[in-house]
There are 2 protein chains.
Amino acid sequence: MKRLTIFVAVVAALAGIVTITLPAPGQADGEAVAPFVTEIPDGYRDWSWISSAHEAGSLNSLGAVLGNDVAIKAYREGKLPFPDGAIIAALHYHYVASDENNKVFGQAQSFVPGAPSNVQFMVKDSKKYAATGGWGFGHFQDGKHGDAVFMKSCFPCHEKAKGSDLVFTHYAP
Amino acid sequence: MKRLTIFVAVVAALAGIVTITLPAPGQADGEAVAPFVTEIPDGYRDWSWISSAHEAGSLNSLGAVLGNDVAIKAYREGKLPFPDGAIIAALHYHYVASDENNKVFGQAQSFVPGAPSNVQFMVKDSKKYAATGGWGFGHFQDGKHGDAVFMKSCFPCHEKAKGSDLVFTHYAP
């Protein structure tokens, strides 16, 4: 009786493992697919500059938008939609006055990036992210990605920029 | 007498040419050396992003500061003074409100680069630009460099940033 109990327990445990590791419908190669970007793209800090923006109000940020080679090429050629492989990074910092610069200018006029607040990404993969317009959205704070509930807020907002393939930022010449 | 006059005139003319084409002391290969940067460095628009800044007041600009590989390496390693070969580019644009973004946000908060106003460079060459702290300064508007009188204003201002090798911009992490 004891042996049978152990056998049943082992079978149940194995079944559990199998259930856990089986890929969900639509997943490729058993890899878990989140509906958003969960890993920071390699080398993004070296990418070319697309533009910068200051958001006042509660965001109060100064940001730079960078693009990998695929994104930069598409921007410069004015090609829409962006091709698969394009990645756009938005680096956001607290918007702070530069006392150092103001001293040189002799007046309060200079605003620069303070501490980093977050880094956001848009990764174009029309198959993987078909449900969100072909773009995977990513939001990272201190290296950790936003949770599933927060990440659901990206697409509805970016969808308003349908005319530019969900991308708000224009290329600064 | 006529022949002698012509001979003297030819000699004088040749002497004049020689005087004009002889390099000034300190010039290499007879090339004219301006005390500032007269050519836009190749490929600067692809360089990595160092930081951005908004200057309010009469400048009313939104700018991005980019660096070539030598400059970026020095920034990341915190090495001062910058080594020869380092080039820093400052791309300035008119600071404008983005009606497009504000519509999405539902409030006036977004400021982006408008039309380009100028591009400025700092080129490190401790020998060529010894008289201006080892940096050659460049200012280009519509592809044309600033005149000699205007260019004299760069160094006295940048000299105030002696502690950071005449460079105002800090690297945004």
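Student: Which strand of chain B is joined to strand β4 (residues 110–124) of chain A, and how many bridges join them?

Tutor: The model is a predicted one. In it, β4(A) is joined to β1(B) by 2 bridges, and the two strands run antiparallel. Within this pairing, Ser110(A) stands opposite Glu55(B).

The partners of β4(A) in its own chain come next. Strand β3 (residues 87–97) of chain A pairs with β4(A) in the antiparallel sense, over 10 bridges. Ile87(A) has Val123(A) as its bridge partner in β4(A), and Tyr93(A) has Pro116(A). Strand β5 (residues 135–141) of chain A is also antiparallel to β4(A), and 6 bridges join the two. Here Val119(A) of the pair stands opposite Phe140(A) in β5(A).

As a general matter, nonpolar side chains tend to be buried together in soluble globular proteins. If its neighbours within four places in sequence are left aside, Leu66(A) is in contact with Tyr44(A), Trp47(A), Ser48(A), Trp49(A), Ile50(A), Ala89(A), Leu91(A) and, from the other chain, Trp49(B).

That last contact leads back to the boundary between the chains. There, 29 residues of chain B are in contact with 29 residues of chain A. On the side of chain B that touches chain A, β1 (48–55), β2 (61–67), α3 (99–105) and β4 (110–124) of chain B each supply at least two residues.

Chain B is superposed on chain A by a rotation of 180° with 0.0 Å of shift along its axis, at an RMSD of 0.0 Å. That is the relation of a two-fold axis. Because 100% of the interface residues of chain B are also interface residues in chain A, the copies meet through the same surface.

On the side of chain B, helix α2 (residues 69–77) can be set beside its strands. Its buried residues are Ala71(B), Ile72(B), Ala74(B) and Tyr75(B). Seen down the axis of α2(B), they fall within an arc of 165°, so they line one face of the helix. Among the elements that cover these buried residues are β1, β2 and β3 (87–97) of chain B. Just after the helix, Gly78(B) takes a positive phi of about 65°. In the loop between α2 and β3 of chain B lies Pro81(B), and the peptide bond from Leu80(B) to Pro81(B) is cis, with omega near -5°. In chain A the peptide bond from Leu80(A) to Pro81(A) is likewise cis, with omega near -5°, and Pro81(A) is placed in the loop between α2 (69–77) and β3 of that chain.

Two further backbone features of chain A deserve mention. Asn60(A), in the loop between β1 (48–55) and β2, has a phi near 40°, a positive value in a residue other than glycine. Asn60(A) is partly exposed, with 16 other C-beta atoms within 10 Å. Leu166(A), which lies in the segment after α5 (154–158), also has a positive phi, of about 70°, although it is not a glycine. In contrast to Asn60(A), which is partly exposed, Leu166(A) is buried, with 22 other C-beta atoms within 10 Å.

Chain A has 5 helices and 6 strands, which run α-β-β-α-β-α-β-β-β-α-α from the N terminus on. Of the 173 residues in chain A, 34% are buried. Among contacts in chain A with a separation of 6 or more, 47% are between residues 24 or more positions apart.

Note on methods
Residues numbered from 1 in each chain as written. Chains lettered and ligands numbered in written order. Predicted model: local features only at pLDDT ≥ 70, side-chain atom pairs only at ≥ 80, totals over all residues. Helix = DSSP H or I, 4+ residues; strand = E, 2+ residues; numbered from the N terminus. Buried ≥ 20, exposed ≤ 12 C-beta atoms within 10 Å, placed from the backbone. Contact = placed C-beta atoms within 7 Å. Least-squares fit on C-alpha atoms with pLDDT ≥ 70 in both. Pairing = 2+ DSSP bridges. Arc of directions from axis to C-beta.
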